[in-house]
Amino acid sequence: MFSELTRSLKGHHLTNPAYGFLLEEDNSGELVALHCEASSFDPARSQLQTVAAIRLHGQRILTSQRLVVRFTPEAAVEDGMGRLLRFIGSRAVLGYYLEFTMAMLDNVVQPMIGMPLPNRRIEVSSLYYDRKLRLSSEAKIDLRLNSIVRDLDLPGRGVGGAYSDA
């Protein structure tokens with residue numbers, strides 16, 4: 001009931017009905033890991049360069065279901081963002097330092113559809129912090145991505161870039 005009301009209220013701000021699927025309920029059981037690269041760390045002044053998105057189902061990373069969009073000055077940003085929005089759909093998104101990624105995306109998405117991305121957001125560093133706090137009263141928790149990956153004994157991230165970080 002509450003989520004239906006929330007979707008209805010958000011729908012009033014949607015100016016492009018072609019993106020109405022973003023407001024639909026997601027029953028896929030999937031999440032989408034997102035990471036972006038930009039020209040600086042200031043979302044208000046930065047230019048979006050690359051966005052990587054990978055679908056996750058349960059504990060499986062669906063590497064065959066990924067999308068990497070590169071934004072160049074010559075290409076229309078809306079084209080790449082449209083592909084990204086269709087790939088994400090109404091799935092929840094997760095990422096490390098997701099606030100920055102979503103601010104960068106919303107800079108492009110809001111003018112396109114009349115509202116920021118309505119997807120539920122899951123911040124990896126916040127989940128990790130809560131987990132570490134429950135396990136220990138350690139005052140200092142290292143939230144750097146490399147430290148989290150190492151502590152959780154996850155596979156290495158490779159050489160870097162948006163896809164590897166996602």
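Q: Which residues form one aromatic cluster?
A: Phe41, Tyr97 and Phe100 do. Keep in mind that this is a predicted model.

Q: How are the rings of Phe41 and Phe100 arranged?
A: Their centres are 6.1 Å apart. The planes meet at 55°, so the pair is tilted. The cut-off for edge-to-face is over 60 degrees.

Q: Where do Phe41 and Phe100 lie?
A: Phe41 is in the loop between strand S1 (30–38) and strand S2 (48–57). Phe100 belongs to helix H3 (residues 98–113). The pair therefore ties together parts that are 59 residues apart in sequence.

Q: Phe41 first: buried or exposed?
A: Exposed, at 71% relative accessibility.

Q: And Phe100, buried or exposed?
A: Buried, with a relative accessibility of 7%.

Q: OK, zooming out. How many aromatic pairs does the count come to?
A: The count comes to 3 aromatic pairs. Among them is Tyr19 with Phe21. Their ring centres sit 5.9 Å apart and the planes are at 50°, so this pair is tilted.

Q: Why does Tyr19 count as buried?
A: Because its relative accessibility is 10%, and buried means under 20%.

Q: What about Phe21, how accessible is that?
A: Phe21 has a relative accessible area of 22%, so it is partly exposed.

Q: Switching to charges over rings. What lies over the face of Phe87?
A: Arg55 does. The distance from the ring centre of Phe87 is 4.1 Å.

Technical notes: Residues numbered from 1 in each chain as written. Predicted model: local features only at pLDDT ≥ 70, side-chain atom pairs only at ≥ 80, totals over all residues. Heavy atoms only, no water. Phe/Tyr/Trp six-rings, centres within 6.5 Å; stacked < 30°, edge-to-face > 60°. Buried < 20%, exposed > 50% of the residue type's maximum accessible area, 1.4 Å probe, protein only. Helix = DSSP H or I, 4+ residues; strand = E, 2+ residues; numbered from the N terminus. Lys NZ or Arg CZ within 6 Å of the ring centre and 35° of its normal.
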